[in-house]
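Here are some short notes for a first look at this structure. Please read them with the model open beside you.

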Amino acid sequence: MPRTFLTRSAPDTAEVERRRWTFRHPAVIRITHWINAVCLLVLLMSGLQIFNAHPALYWGKVSTFDTPLMAMSSTEDDPPKGVMTVLGHTFETTGWLGSSAGADGEPADRGFPSWLTLPSDQDLTGGRSWHFFFAWAFVLNGAIYLLYGLVSGQLRFRVIPSRDQVRHFGASIWEHLTLRFPQGDEAKRYNVIQKLTYLVVLFVLLPVQVLAGLAMSPAMDAAFPFLLTLFDGRQSARTVHFVVAALLVLFVIVHVALVLLSGFWNNMRGMVTGWFVIERKVEPVAAVGEPRP
Amino acid sequence: MAAAAMLGGCDRLGNAEWFQRTLKTGEDANLFVQRLVLTDRTLAPEYAEADISPWFKPNGTEDPPDRSYKALAKRKFVNYRLEVGGLVEAPFKLSLAELRKLPARTQITRHDCVEGWSAIGKWTGVPLADLLSRAKLKPEARYVVFHCADTMDQGEDDGGADTAQDDGPDEAVPAGNANPAMTKQSGGGESRKSSGGQQASEDTAVGGGSPVRYYESIDLVDAFHPQTILAYDMNGKALPVSNGAPLRLRVERNLGYKQAKYVMRIEVVESFAGIGEGKGGYWEDQGYAWYAGI
């Protein structure tokens, strides 16, 4: 069913019904989506815990302790101030980065605050246990998703822009920026920006994130030395891992915002039960491919 | 707030014994898969002279407080004897001069601390495989344990453990100071949960009454790896005390906490369950994974 869709060049003008139930997300996609959501959240928070053990980033093979790309620290003041240095620029970040309240409420020297880390206390070994377990869960879950997506054709339908979408790329961007969400049959498929975003997240950001994580392992570097070549050294891999994590956070923020804006309950029902309601267009749109007035 | 409640829930979950064991399966999987992709002779990357870090960050113990160690160091370790024993046919002792006369290996490798930083150093030392072959392992031998000179926990009252742990170079590296326990031997930061950690040192005080010294263990795969050496030189000079003089283990393909400094005695065992708290190393006893390939 999800593969049947009409193209923009043939807009559906016949108004048969105003609301139509469509089955949007097969069970495998729904389950892997939610497992993935949990994995990413745990990986992010336990990753920040691990980062806090040495809250500084470098480029290259080794740590150039005097010239980090980014570092968080606290000052000698009483109470201490939190300070972050990025590419030589220093910002005061008390309460957020460098110094924030610990479990006892007293200011503690820590990179990210306790409410963002897992476990919440400074606990590197705990963070590592969470991180590795959920990294395995993430990879296995992702493999199931990709395998299913490839075999069922879902992946292609979902993330590869169709020819008409590529042709109307400009219009699509305009619609997206003005938060005009597609209706009718057009709502059955992802628009070109959604597709390209998912494409980049699935096939660029997430694989790079896994590879950068592996490149930090001394044993994996022995087994696959190309990992170090790929990232220009272990410390750069650590920096890439951090930056890609930040990009994934950005993706999730936009993703959740759009879920909220484009019909929260409908979207949630879609991703929980699979069923999604498509609102029929009341008036057919005459001009296609041009920004609407 | 929901998020705070959730985080509290995760913390409680993370403290539950069954859940910790579940999480640890991730680390078991790391060992399993990494041993699949590595052969016994796959080498860790080696680097060029130009890559050597100008400063090889010492971590953890930088100057063992132990009197016996200080006496050895004062006389430039002329009285030092490395003991090799345990499950071997021919235990022996070697002085530093004798070790230096044995065939040596030099390697420029990267040291990765569990905290996240890296440094590159040049190491010269005796391949562990040569020493173990000389000692002739008994058939039941499975692990090699390294007993070190430096006391980690005095086993006094509850302040003792922290005193021993917190003597790291907080001021030396601005980036590191959010992790005040720049602890012993490249081990991780403030890993011990405040109660658990204190508990451990009290147990030691009550149970053994003797101070807890650093120790580490590796299996025979790592022990016979060509890059596993007992290094006496760093960057072409005698190993400084801060980096583990007179002898430190280099077991490349592993994180820093495996690279035991101040090695005094090598013990071949069938199981490390009876040593320390039974987890195979000082940091392992604090919860770190025994396998440190990632």
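What percentage of the contacts in chain A with a separation of 6 or more is accounted for by residues 24 or more positions apart?

1. The answer is 62%. Two residues are in contact if their C-beta atoms, placed from the backbone, lie within 7 Å.

2. A word on the source. This is a predicted model, in which local features need pLDDT of at least 70, side-chain atom pairs count only at pLDDT 80 or more, and totals for chains, interfaces and linings use all residues. Residues are numbered from 1 along each chain as its sequence is written, while chains are lettered from A and ligands numbered from 1 in the order in which they are written.

3. Chain A has 10 helices and eight strands. Helices (H or I, at least four residues) and strands (E, at least two) are DSSP runs, numbered from the N terminus. Of its 293 residues, 35% are buried, with 20 or more other C-beta atoms within 10 Å of their own C-beta, placed from the backbone.

4. Look at S4(A), residues 82-86, and S5(A), residues 89-92. These strands run antiparallel and are joined by four bridges; pairing requires at least two DSSP bridges. Thr85(A) sits opposite Thr90(A) of S5(A). Two residues lie between the strands of this hairpin, and Leu87(A) has a positive phi near 45°.

5. H9(A) has 28 residues. From first C-alpha to last it reaches 40 Å, close to the expected 40 Å, which is 1.5 Å times one less than the number of residues. Its buried residues include Arg234(A), Arg238(A), His241(A) and Val244(A). Gly263(A) follows H9(A), with a positive phi near 105°.

6. How do H1(A) and H9(A) meet, and at what angle do their axes cross? The axes come within 11 Å and cross at roughly 145°. Axes are lines fitted to C-alpha atoms, for helices over the stretch in contact, with angles from 0 to 180 degrees between N-to-C directions. Leu40(A), Leu44(A), Gly47(A) and Phe51(A) of H1(A) make the contact with H9(A) residues, among them Phe242(A), Leu248(A) and Val252(A). The contact residues divide into eight nonpolar, one polar and no charged. Here Ala, Val, Leu, Ile, Met, Phe, Trp, Tyr, Cys and Pro count as nonpolar, Asp, Glu, Lys and Arg as charged, and the others, Gly among them, as polar.

7. Last, the two chains. Their contact takes 47 residues from chain A and 54 residues from chain B. On the side of chain A that touches chain B, H2(A) gives the largest share, nine residues. That side divides into 25 nonpolar, 14 polar and eight charged residues.

Terms used: A residue is buried if 20 or more other C-beta atoms lie within 10 Å of its own, exposed if 12 or fewer, and partly exposed in between; C-beta atoms are placed from the backbone.
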